[in-house]
Structures are given as structure tokens and as C-alpha cells.
Amino acid sequence: MADQTYHHGKLQDAILDAAETRLARQSIADISMRQLAKDVSVSPGAPYHHFGDRHGLTLALCQRGFVRLHHALEDANGLRALVDRYLAFAAENGALFSLMFSDDATAGKNAEQLDPYAGPVFTLFQAILADEADISRDELQVPVLQIWAFMHGFAQLLKASPMRTKLMDVDPVEFAHTTCLRLLMHHPLC
């Protein structure tokens, strides 16, 4: 029943791809392992073998999302590029982006297992903002949290409300960049 192309780790990726496709239409709570097995033409137990349960699947999806987010941001040259790429990632990966920061993402022991994937994104924010403000990374803990919180909330608002209409002719990336720059430059160390 299983496709021969799914040996050597490809089945796990195929199941995650199927889960992402479903996630665009359904909540994570409505995605069943049985559906995913059917989607990739494998036995009903195959997804359980790779992920254990829905928490394991959610964790794997979120880990994958943070790896992609890091990859999208890693060669951003400055705050404007960081803002642009972050907002683009959120728009292009809407359901996954929401899941990555949801309660489902950190359920059980997931938070501890997610940190090695989310942590590098935080470190990347620190590096880019340290270059922008010309101060050390260690001094940027609070501004990074402020800017990331703003960016996340703004990205969610762009998806979930008439925010674009409220901005009128203001470019969302320009608005976000200006706001982030103000947050950064009003920090006492900048």
C-alpha cells in the first residue's frame, strides 16, 4: 500500500506536507492522523509511527515553520528587510504562522522541544537589530521582544482584520518599519 518513494525519511515530509495542506482549510484539532495517512496513501498507523500523536505532529509542523522563518530572514540586510520578509512569511504561510505561535504549539512538553527552533529566530532578530542600532546583542533583549511582539501582532492583524483599509495609502511594510525603528531608537541604550 505504501508508495516506494516514502522510504528514507520522505514519508515524514509527505505527511507534514499533507498536514500543511489541510491546515490551510482546517484547524489542527480537526486534522486526523487517519486522514493524513489516506492523503499520502499509507497505512493508518504510519503517521503515529513518525509523530506519536497530534501533539507530535503539531510540534513537527511548528519546528518546520521556525526553520522556514529563520531561512526567510537569515540574509535580511537591515530592519526594513527583516520587516518585509517577516510580513511576507506570515502572509504566505498564514495557517502555519498562526499555529507556530498558538497554545497548541506549546502544549505539553512541546515548548521545550520548540525552543531550539524558535531560539535561532530570536538570535537573528538580535543580530539584525544590534547592527541597526549599533549596540551589543546582549543589550537588546527587551527591544527584540517588543519588536517581535509588534511584528507578530501586526502580521496577524493584516490577515484577520481590515487593517489594510485603515492604513489607507500607507504601505504596511513602511508602517511596520517605522514603528519598529521607533521602538528600537526609543530604547535607553540606543
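Contact here means heavy atoms within 4.5 Å. The legends below describe close-up views of a predicted model.

Figure 1. Thr 58 sits in helix 4, which covers residues 54-73. With a relative accessibility of 3%, Thr 58 counts as buried, because buried means under 20% relative accessible area. Apart from neighbours within four places in sequence, the residues in contact with Thr 58 are Ile 28, Leu 99, Asp 104 and Ala 105.

**Figure 2. The protein chain as a whole, as a setting for the other views.** The protein chain has 10 helices and zero strands. Read from the N terminus, its elements run α-α-α-α-α-α-α-α-α-α. The C-alpha trace spans about 60 × 40 × 30 Å along its principal axes. Of the 190 residues in the protein chain, 46% are buried. Where contacts join residues at least 6 apart in sequence, 67% of them join residues at least 24 apart.

**Figure 3. The largest pocket and its lining.** The space in the largest pocket comes to about 230 Å³. Its lining consists of Phe 66, Met 100, Phe 101, Ser 102, Thr 106, Ala 111, Leu 114, Asp 115, Ala 118, Gly 119, Phe 122 and Trp 148. Sorted by class, eight lining residues are nonpolar, three are polar and one is charged. Helix 7 (residues 110-133) gives the largest share of the lining, with six residues.

**Figure 4. The aromatic pair of Tyr 86 and Phe 97.** The model contains 11 aromatic pairs. In one of them, the ring centres of Tyr 86 and Phe 97 lie 5.6 Å apart and the ring planes stand at 80°, so the pair is edge-to-face. Tyr 86 belongs to helix 5 (residues 79-92) and Phe 97 to helix 6 (residues 94-100), and the pair links these distant parts of the chain across 11 residues. Tyr 86 is buried, at a relative accessible area of 0%. Phe 97 also counts as buried, with a relative accessibility of 0%.

**Figure 5. The aromatic pair of Phe 125 and Trp 148.** The rings of Phe 125 and Trp 148 form a stacked pair, with 4.9 Å from centre to centre and 10° between the planes. Phe 125 is in helix 7 and Trp 148 in helix 8 (residues 141-160), so that the pair links distant parts of the chain, 23 residues apart. Phe 125 and Trp 148 are both buried. Trp 148 is also one of the residues that line the largest pocket. Ring pairs join Phe 125 and Trp 148 with Phe 66, Tyr 86, Phe 89, Phe 97, Phe 101 and Phe 122 in a cluster.

**Figure 6. Phe 125 in the largest nonpolar core.** In soluble globular proteins, nonpolar side chains tend to be buried together. The largest nonpolar core of this model has 64 residues, and the ones with the most contacts inside the core are Leu 57, Leu 87, Phe 125 and Met 151. Helix 7 supplies the largest share of this core, 10 residues. Leaving out residues up to four places away in sequence, Phe 125 touches Leu 73, Leu 82, Tyr 86, Val 144, Ile 147 and Trp 148.

**Figure 7. Gly 78 in the loop between helix 4 and helix 5.** Gly 78 is placed in the loop that joins these two helices. Its relative accessible area is 18%, and Gly 78 is therefore buried. Not counting residues up to four places away in sequence, Gly 78 touches Ile 128 and Glu 132. From Gly 78 to Phe 125 there are 47 residues in sequence and 9.9 Å in space, C-alpha to C-alpha.

**Figure 8. Ser 41 in the loop between helix 2 and helix 3.** Ser 41 lies between helix 2 (33-39) and helix 3 (46-51), in the loop. Most residues other than glycine have a negative phi. The phi of Ser 41 is positive, near 60°. Ser 41 has a relative accessibility of 42% and counts as partly exposed.

**Figure 9. Glu 20 in helix 1.** Helix 1 (residues 10-23) contains Glu 20. Is Glu 20 buried or exposed? At 19% relative accessibility, Glu 20 counts as buried, because the cut-off for buried is under 20%. With neighbours within four places in sequence left aside, Glu 20 is in contact with Leu 61, Arg 64, Arg 68 and Leu 96.

Definitions and conventions:
Residues are numbered from 1 along each chain as its sequence is written. This is a predicted model: local features need pLDDT of at least 70, side-chain atom pairs count only at pLDDT 80 or more; totals for chains, interfaces and linings use all residues. Side-chain values use heavy atoms; hydrogens and water are left out. On a 1 Å grid over the protein atoms alone, a cavity is a set of points where a 1.4 Å probe fits but cannot get out, and a pocket is an open set with protein on both sides within 12 Å along at least five of seven lines; lining residues have an atom within 4 Å of a point. Grid points are joined across faces, edges and corners, and a volume is the space filled by probe spheres set on the points. Helices (H or I, at least four residues) and strands (E, at least two) are DSSP runs, numbered from the N terminus. Ala, Val, Leu, Ile, Met, Phe, Trp, Tyr, Cys and Pro count as nonpolar, Asp, Glu, Lys and Arg as charged, and the others, Gly among them, as polar. Buried means under 20% relative accessible area, exposed over 50%, partly exposed in between (1.4 Å probe, protein chains only). Rings of Phe, Tyr and Trp (its six-membered ring) pair if their centres lie within 6.5 Å; planes under 30 degrees apart count as stacked, over 60 as edge-to-face and the rest as tilted. A nonpolar core is a set of buried Ala, Val, Leu, Ile, Met, Phe, Trp, Tyr and Cys residues joined through side-chain atoms within 4.5 Å.
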